[in-house]
Structure formats: structure tokens, C-alpha cells
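Here are some notes to read alongside the structure. They are numbered so that each point can be checked in turn.

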Amino acid sequence: MLSLLIAARGGVVPVDRIADELWRGAPPAKAMASLHAYVSNLRRALGWWPGPVFAEHADVARGSTATS
């Protein structure tokens, strides 16, 4: 996750992209909860993070990373 955020150079990384990279297109049932926990832990470890970390999409919350 950190490498994706660094590569975005301060831009927003879509949650679908993060989920695809972390779970190779097969996110767990509670993918959004896991991503929120990862972001929280990352922010705590870094001590800061400017701006939004990822954009939420309903597809991942339902367990699918497919986009319309």
C-alpha cells in the first residue's frame, strides 16, 4: 500500500486499485474494513500523511473490484 501511495505522488489512489494490488482481484468480504485499518496503521507509523489516502467505491465494499 505504501508503495502505491508514494507512486501517486500526493494524488488519490482509488480503493479498487489498492484492493487489486493487495488481493490480486479477490478481496476478502471485509475489504473496506481491512483497508481502513491498514490506512490507520500506516498514518500512525508515519506520524502524518497529507491529503486523502484513497477514494472509496461501493464495489470493494461488496467484495468486488470490478468497475462499471
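1. The model is predicted. A place to begin is Arg24, which sits just after helix 2 and takes a positive phi of about 50 degrees.

2. Helix 2 itself has buried residues, namely Val15, Asp16, Ile18, Ala19 and Trp23. They cover an arc of only 160 degrees around the axis, so they lie on the same side of helix 2.

3. Next, the packing of two helices. Such a pair is described by the angle between the axes and the distance between them. For helix 2 (residues 15-23) and helix 3 (residues 31-46), the axes come within 11 Å and cross at roughly 90 degrees. An angle from 65 to 115 degrees counts as roughly perpendicular, and therefore helix 2 is roughly perpendicular to helix 3.

4. Which residues of helix 2 and helix 3 meet? From helix 2 they are Val15, Ile18, Leu22 and Trp23, and from helix 3 they are Ala31, Met32, Ser34, Leu35 and Tyr38. Sorted by class, this contact of helix 2 with helix 3 has eight nonpolar residues, one polar residue and no charged residues.

5. The largest nonpolar core has 13 residues. Met1, Leu5, Ile18, Trp23 and Leu35 are those with the most contacts inside it. Helix 1 (2-7), helix 2 and helix 3 are the elements that give two or more residues to this core. Helix 3 provides the largest share of the core, five residues.

6. Finally, Met1. Leaving aside its neighbours within four places in sequence, Met1 is in contact with Ile18, Leu22, Leu35, Tyr38, Val39 and Leu42.

Methods. Residues numbered from 1 in each chain as written. Predicted model: local features only at pLDDT ≥ 70, side-chain atom pairs only at ≥ 80, totals over all residues. Heavy atoms only, no water. Axes fitted to C-alpha atoms, helices over the stretch in contact; angles between N-to-C directions. Helix = DSSP H or I, 4+ residues; strand = E, 2+ residues; numbered from the N terminus. Parallel < 35°, antiparallel > 145°, perpendicular 65-115°, else oblique. Contact = heavy atoms within 4.5 Å. Nonpolar A, V, L, I, M, F, W, Y, C, P; charged D, E, K, R; others polar. Core = buried A, V, L, I, M, F, W, Y, C linked by side-chain atoms within 4.5 Å. Buried < 20%, exposed > 50% of the residue type's maximum accessible area, 1.4 Å probe, protein only. Arc of directions from axis to C-beta.
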